[in-house]
Amino acid sequence: MTVLRPVRAGNAFEETVERLLQAIKLGVVAPGDKLPAERELAVRLGISRVTLREAIRALSDAGYLDVRRGRYGGAFVTYEPPKPDAGDLRQAVAEMGVDDLADALTFRLAVECGAAQVLAASGLTGEKRADLLRRLSELNEASLEDYRRLDTAFHLSIAELTGSTLLATTCADARSRVSDLLNAIPMLQVNLDHAAVQHQAIVDAILAGDPDAARRAMTEHLEGTAALLRGFLS
């Protein structure tokens with residue numbers, strides 16, 4: 001879970017809340033699932049368990065987590081992304097601003113296309129090839145309710161499989177900037193079918209070790225998503 005990376009000491013509480021919220025909203029920890037154990041999570045984030053408990057309590061009060069005690073207890077994700085709605089999409093864009101939206105889409109295009117290119121050139125091990133194919137298979141078999149979460153997992157896995165923590169972190173940040181917008185796009189079967197073809201093209205190019213083709217395939221896919229956003233906003 002690249003998003004659960006060490007925080008800076010000066011803003012430990014605020015950044016811990018940000019990291020946990022990013023993991024929740026990106027679906028890195030699925031609704032109903034439990035966050036990693038307190039001891040493990042504190043080590044990952046590089047913080048004290050006191051700070052972690054404060055952050056978890058804040059997210060519990062805000063309705064994102066349900067903290068249960070006892071042998072089978074822990075912090076369970078209760079956040080459910082809102083149902084796709086064009087009205088919510090317009091509201092989210094209005095809150096973000098048109099300029100910031102364009103900037104976020106450009107940022108995502110740059111880092112995700114770069115990740116696909118880097119991964120294709122890296123010479124994947126058998127295990128990494130299997131991981132990428134598994135993520136694609138899970139996405140292709142996803143229900144409508146779980147599609148966005150598994151789509152996020154697929155995209156983030158491309159950056160994570162490069163082995164670059166900085167690149168994986170940047171791709172997670174880029175996805176976070178447009179997460180609410182993507183969740184609000186009404187899911188039409190024709191668009192999902194088209195995306196499936198594009199996802200396959202991305203994976204095929206990466207597995208073939210063709211960096212230029214991987215970059216082109218990812219560019220086509222992300223530009224298509226951006227066009228879909230603009231279409232629902234027009």
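Helix 2 (residues 38-45) and helix 3 (residues 49-61) are roughly perpendicular to each other, a description that covers angles of 65 to 115 degrees. In this predicted model, their axes lie 9 Å apart and form an angle of about 105°. Axes are lines fitted to C-alpha atoms, for helices over the stretch in contact, and angles run from 0 to 180 degrees between N-to-C directions. Helices are DSSP runs (H or I, at least four residues), numbered from the N terminus. From helix 2, Glu38, Arg39, Leu41, Ala42 and Leu45 meet Arg49, Leu52 and Arg53 of helix 3, contact being defined as heavy atoms within 4.5 Å. This contact comprises 4 nonpolar, no polar and 4 charged residues; Ala, Val, Leu, Ile, Met, Phe, Trp, Tyr, Cys and Pro count as nonpolar, Asp, Glu, Lys and Arg as charged, and the others, Gly among them, as polar.

Residues are numbered from 1 along each chain as its sequence is written. Because the model is predicted, local features need pLDDT of at least 70 and side-chain atom pairs count only at pLDDT 80 or more, while totals for chains, interfaces and linings use all residues, and side-chain values use heavy atoms, with hydrogens and water left out.

A second pair is formed by helix 6 (residues 126-140) and helix 7 (residues 147-160), whose axes come within 9 Å and cross at roughly 165°. Helix 6 is therefore roughly antiparallel to helix 7, the term for angles over 145 degrees. Leu132, Arg135, Leu136, Glu138 and Leu139 of helix 6 contact helix 7 through residues including Tyr147, Leu150, Phe154 and Ile158.

Helix 7 is largely enclosed by the rest of the structure, because 12 of its 14 residues are buried (under 20% relative accessible area, with a 1.4 Å probe and protein chains only). Among them are Arg148, Asp151, Thr152 and His155. The buried residues of helix 7 pack against helix 5 (98-121), helix 6, helix 8 (165-184), helix 9 and helix 10 (211-233). At 1.5 Å a residue, helix 7 should span 20 Å, and its end C-alpha atoms are 20 Å apart, which agrees; the expected span is 1.5 Å times one less than the number of residues.

Buried residues of helix 10 include Met218, His221, Leu222 and Phe232. His221 is touched by Gln198, as is Glu220, not counting residues up to four places away in sequence. Gln198 lies in helix 9 (residues 189-207) and is buried, with a relative accessible area of 8%.

Note on methods:
Helix = DSSP H or I, 4+ residues; strand = E, 2+ residues; numbered from the N terminus. Parallel < 35°, antiparallel > 145°, perpendicular 65-115°, else oblique. Buried < 20%, exposed > 50% of the residue type's maximum accessible area, 1.4 Å probe, protein only.
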